[in-house]
Amino acid sequence: LVTVHYPETAQANVIIREINTIGRGVRNAAILKDEAAVQKEMDRFAPARKVIAESVEKLKKAAQSAEDHALLQPLLDSQTAYYAVHEKYAGLLKAGKKDEAIQLLMSDYRRLFNAYQAATVKLIEVQGDEMAREGKEADAMAGNAKSLILGLAVAAVLLAAAFSLWLTRAITTPLKESLGVANALAEGDLSVKIDVDSTDETGQLRPAPASAVVAPATLMTPA
């Protein structure tokens, strides 16, 4: 998001700033009477246009899709038209035709200047809307990821609880059976039986009571 749209918005803002620099110079050059002062204002034009050209090139490089190029095109078209009338205005000033320059300023120049500025502002607005939209999408994705992590955590807890329950039963059930046999033997019941169905530690423990059952029973069997 920041990598794509913020630089484009930043460059468009640079263009707006330099357009306004040119605009102030044009206005002042029309008002001032001193030729040296007029020339000073006109000297603002070239540096400002250089900065604009650099920003436009960056915008062109940043345009990755047909939609990006289509969005940039109105700015480029309005820039071309504005620069043409600006050159005409500057030429009239250099020729000492200030009255004609002022007439041009109040008609075509102002219209094309406003169109150029509006196209740049539109680019900023669209990029701002795009950043806001993608920001919402990023928030939604973050929320989904958070929900997924929470769900996995709950599942892990439940799985751990189920495993713990199974493990507890796997240990305690054979022990209870062995204890039952031992208690029965203590009470003199030699008929108890115990089934051994595992080879783990608890399975190895269970034959002990079974052997105790077999031994007395063997002793009591008539020869």
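Reader: Where do D108 and R111 sit relative to each other in helix α5?
Author: In this predicted model, D108 and R111 are three residues apart in helix α5, which means that about one helical turn separates them. Their side chains meet in a salt bridge, with N to O at 3.5 Å.

Reader: And is D108 buried, exposed or something in between?
Author: D108 is partly exposed, because its relative accessible area is 36%, and the partly exposed class runs between under 20% for buried and over 50% for exposed.

Reader: How many salt bridges are there by that rule?
Author: The count comes to six salt bridges, and one of them joins the side chains of R44 and E41, with N to O at 2.8 Å.

Reader: What about R49, which residue does R49 form a salt bridge with?
Author: R49 pairs with E87, and the closest N and O atoms of the two are 2.5 Å apart. This pair links distant parts of the chain, since R49 belongs to helix α3 (residues 45-62) and E87 to helix α4, 38 residues apart. R49 counts as partly exposed at 23% relative accessibility, and E87 is also partly exposed, with a relative accessible area of 46%.

Reader: Switching topic, how much space lies in the largest pocket, and what lines it?
Author: About 220 Å³ of space lies in the largest pocket, and its lining includes K33, E35, V38, Q39 and M42, together with L93, K94, G96, K97 and K98. The elements that give two or more residues to this lining are α2 (35-42) and α4 (66-94).

Reader: Which element gives the largest share of that lining?
Author: That is α2, which supplies four residues.

Reader: What share of the contacts join residues at least 24 apart?
Author: Among contacts between residues at least 6 apart in sequence, 69% join residues at least 24 apart.

Key:
Residues numbered from 1 in each chain as written. Predicted model: local features only at pLDDT ≥ 70, side-chain atom pairs only at ≥ 80, totals over all residues. Heavy atoms only, no water. Contact = heavy atoms within 4.5 Å. 1 Å grid on protein atoms, 1.4 Å probe; cavity = no way out; pocket = protein on both sides within 12 Å on 5 of 7 lines; lining within 4 Å. Points joined across faces, edges and corners; volume = space filled by probe spheres on them. Salt bridge = Lys/Arg side-chain N within 4 Å of Asp/Glu carboxyl O. Buried < 20%, exposed > 50% of the residue type's maximum accessible area, 1.4 Å probe, protein only.
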